[in-house]
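Open the structure and keep the sequence beside it. We will walk along a few helices and stop at some residues.

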Amino acid sequence: MTGVRIPFLEGRAGQPAALERVAARVGAQLAALGEEGGVLASVVRPVFVGIGASYAALALPVALLAEGGILARRELAGEIGSGLAFTGADLVLGVSQSGRSTETLESLALLPGGNRAAVVNVAPSRLSEAVEHCVDLGNEPDSYASTIGYTGTLVALTMIARTLLGMPVAEAAREWAGIEAELERHETALAPVVDEVARQAAGVVAADVVSSGAFRAVSESGALLLREVCRVPASALVTRNYLHGEMESAGETLHVIIGDGRELELAGSLAAAHHHTLCVTSAGLASAEYLHVVPIPAAASLPVRTVLAEAVLQRLAGSLAQARGVEIEDFVFHNSDTKIEEPVG
């Protein structure tokens with residue numbers, strides 16, 4: 001089956017309630033997979049596979065697992081040429097919100113066997129039926145430039161990572177308790193800041209989205225949103241690498257900086273040079289001329305802060321599209337080979 005498509009703004013509006021549903025559904029499915037003898041019970045070297053936004057999402061579980069002492073890695077599905085990419089892996093988990101991503105399906109086909117799993121939104125789908133174990137988000141209606149499907153995937157991947165680290169499923173689900181209300185409060189606070197940034201930056205020629213660690217799930221997906229939704233050439237850049245020469249091209253550029261460490265000084269340097277800068281942080285940074293700050297609760301867990309940061313990028317993409325006069329739902333290119341088509345009839 002194919003997923004139900006809804007407008008981008010409708011997806012954003014329905015996202016808070018959807019994430020509560022996703023956490024409950026994923027928890028119910030993980031109960032069996034994480035128990036003794038389940039596929040997630042003894043994994044020590046997982047490999048995550050995806051492409052596009054799904055690949056971006058994988059930065060979060062890889063970071064969480066590294067923090068907990070499990071060596072995990074993510075692979076870009078379109079660059080996997082042989083099963084050698086999975087050498088040493090005791091679980092290969094493919095991610096595709098539609099369940100139809102050509103490259104992800106082809107990469108998992110290189111490794112037939114019982115140690116393949118998937119996270120999808122749409123089920124049944126080609127990917128859900130191609131693996132031995134699947135976690136689905138519940139066929140949540142999603143926008144073409146993904147909103148609910150993406151943040152729901154972050155929720156599911158976090159719960160899987162927690163389960164791999166030995167956390168009881170019920171506890172992993174509790175991390176998302178109250179996410180609906182928290183996301184709604186966050187949206188109210190971020191809206192005027194982000195909308196003002198979009199107004200001031202409507203004429204930029206490019207955007208740099210900079211972060212490190214788990215927040216790369218936000219910078220990479222956020223740069224993709226800026227390209228898809230408002231047609232701004234955008235790059236996702238890693239903080240320390242950005243400092244080594246990449247930031248020298250600043251000029252007529254919007255800079256979105258996400259994080260609580262070296263990112264703060266970086267945001268201040270860019271703003272001091274009169275570059276439009278939006279900083280998303282839980283470190284208590286104050287706004288200044290050219291520097292706009294969206295705070296994230298420091299008390300929230302890293303995965304929750306990641307989802308809250310993603311909401312900022314979603315809002316920015318929508319607001320910047322409006323400021324630039326771009327129709328959000330009007331895509332220029334439609335490639336016929338990135339999704340496996342479902343049979344008709």
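Start at Leu190 in α8, where a kink of about 40° lies shortly before the proline Pro192. The bend at a residue is the angle between axes fitted to the seven residues ending there and the seven starting there. This is a predicted model, in which local features need pLDDT of at least 70 and side-chain atom pairs count only at pLDDT 80 or more, while totals for chains, interfaces and linings use all residues. Residues are numbered from 1 along each chain as its sequence is written, and side-chain values use heavy atoms, with hydrogens and water left out.

Helix α8 covers residues 179-200. Helices (H or I, at least four residues) and strands (E, at least two) are DSSP runs, numbered from the N terminus. With 22 residues, α8 reaches 31 Å from its first C-alpha to its last, close to the 32 Å expected at 1.5 Å a residue. The expected span is 1.5 Å times one less than the number of residues.

Which residues of α8 are buried? They are Ile179, Leu183, His186, Leu190, Ala191, Val194, Val197 and Ala198. Buried means under 20% relative accessible area, exposed over 50%, and partly exposed in between (1.4 Å probe, protein chains only). The cover over these buried residues includes α1 (8-33), β8 (253-258), β9 (277-281), β10 (291-295) and α12 (302-324).

Helix α1 also holds Ala28. Ala28 is exposed, with a relative accessible area of 57%. Between Ala28 and Glu248 there are 49 Å in space, C-alpha to C-alpha, and the two are 220 residues apart in sequence.

Move to α9, residues 216-230. Its 15 residues reach 20 Å from first C-alpha to last, close to the 21 Å expected. Eleven of the 15 are buried, so α9 is largely enclosed by the rest of the structure. Among them are Ser219, Glu220, Leu225 and Cys230. Arg231 follows α9 and has a positive phi, near 60°.

Now take α3 (residues 59-67) and α6, whose axes come within 9 Å and cross at roughly 20°. That makes α3 roughly parallel to α6, a term for angles under 35 degrees. Axes are lines fitted to C-alpha atoms, for helices over the stretch in contact, with angles from 0 to 180 degrees between N-to-C directions. Leu60, Pro61, Leu64 and Leu65 in α3 meet residues of α6 including Leu154, Leu157 and Arg162. Contact means heavy atoms within 4.5 Å.

Arg162 counts as buried, at 15% relative accessibility. Leaving aside residues up to four places away in sequence, Arg162 touches Leu64, Met167, Ala172, Glu175, Ser301 and Pro303.

How values were computed:
Parallel < 35°, antiparallel > 145°, perpendicular 65-115°, else oblique.
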